[in-house]
Amino acid sequence: MRNFTEFSRIAYDLGMYTLIRVADGGSSSFLKCGAVPDTLTTVDFGPTAEKNINSSFAAQKKYLPNGHGPLVNSEFYPGWLVLWGQKSASLPSPDEVVNSAKYMYNLGANINFYMIHGGTNFGFWNGAETNAPGTFMHSYNGKSKRSVDLEDCNPGDVLTIFVENQGRQTYETINDYKGILSDVELDKNVLHGWTQCKLDIIHDYADTSSSNAQGKGKYGVYHGTFKVDVPTDTFLNTTGWGKGVAVVNGNNLGRYWATEGPQLTLYVPAAFLQPGENSLLILELEGTNNCAENTCSLSLVEQPVYVWSSKKTKADFWRGPRRQQHN
């Protein structure tokens, strides 16, 4: 941390004055290792009981100069991100969000809503938590061994393995390894001489003259077009498809995983569309049921679609889901 604070002093001396702060959970277990000298220590937590709010700000004060300084909730969570495979939602009610915000306001605290409204990620910027990647596999952080049966293999055949990075961790990232983490064996013999290359979905499959699927409804690349009269915000509904990536007019909308859920739609802003003909590219990794004869289809809908097995409000959102393990 010494280099960090030294840089802060140099920046100040050069006239680049700015407020530098650190943010941690609202308890000493977080703050004792997170506080940095010569920076403003702040806390973060979601809607909760008044006693928990008081406790969090009391912990913050211990790391302010002589116990004095602004009370700051730098990340007030009115909700939380959604993970692929998540079957239920447990979020604060609107009343709980408002009541906690009012109480902090009356204390004279500074509040940063994180986030004030929902948003989206495009491309491969979805991120992940420790147990699963975020929507917009499981055990992606752990080491696993998979075996497959290779039929009709002959000497000299080339083995191609597709490796997908499903999202960088947003928290506790010290061991966030990606890729093939152990030997690849064939009949107990380690294979050597690998060539690693990237798959550029947009440019490698820019030719829209034909699709490149392994048969109707199978995995592969699908191309299509659709017409738009007046561009407007919409959502691509992937219900009936498997798992993959969608690209509209060269814009990577991101990943879909309809067989895992709960998110079934990808946001398509009006700026990605144009009057007249528009192109759609789908990299499907599992297969789709949305094919009839020689045509496969998706739909555009007005609202996002999520499928939950249950959804309820949660009375206490003090530290957010990722903080609960540290209570």
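I call a residue buried under 20% relative accessible area, exposed over 50%, and partly exposed in between, using a 1.4 Å probe and protein chains only.

**Ground rules.** I am reading a predicted model, in which local features need pLDDT of at least 70, side-chain atom pairs count only at pLDDT 80 or more, and totals for chains, interfaces and linings use all residues. Residues are numbered from 1 along each chain as its sequence is written, and side-chain values use heavy atoms, with hydrogens and water left out. For the elements I take DSSP runs numbered from the N terminus: helices are H or I with at least four residues, strands are E with at least two.

**Entry 1: loops.** I looked up Asn249, which is in the loop between β11 (243-248) and β12. Asn249 is partly exposed, at 24% relative accessibility. Its phi is near 50°, a positive value in a residue other than glycine. I then found Lys188 in the loop between β6 (185-186) and β7 (189-190). Phi of Lys188 is near 70°, again positive, and the residue is exposed at 77% relative accessible area. In the loop between β12 (251-257) and β13 (265-268) I noted Pro262. The peptide bond leading from Gly261 to Pro262 is cis, with omega near 5°. Most residues other than glycine have a negative phi, and most peptide bonds are trans.

**Entry 2: a sheet.** I count two strands as paired if DSSP finds at least two bridges between them. An open sheet of 4 strands has the order β1-β2-β3-β5, with parallel pairing. β1 (21-25) and β5 (110-113) stand at the edges with a single partner strand each, so one side of each has no neighbour in the sheet. I checked the pair β1 and β2, which is joined by 5 bridges.

**Entry 3: helix α3.** Which residues of α3 are buried? They are Asn52, Ile53, Ser56, Phe57, Ala59 and Gln60. They cover an arc of only 155° around the axis, which puts them on the same side of α3; the arc is that of the directions from the helix axis to the C-beta atoms. With contact taken as heavy atoms within 4.5 Å, these buried residues pack against α2 (28-34), β2 (40-44), β3 (72-76) and α4 (94-106).
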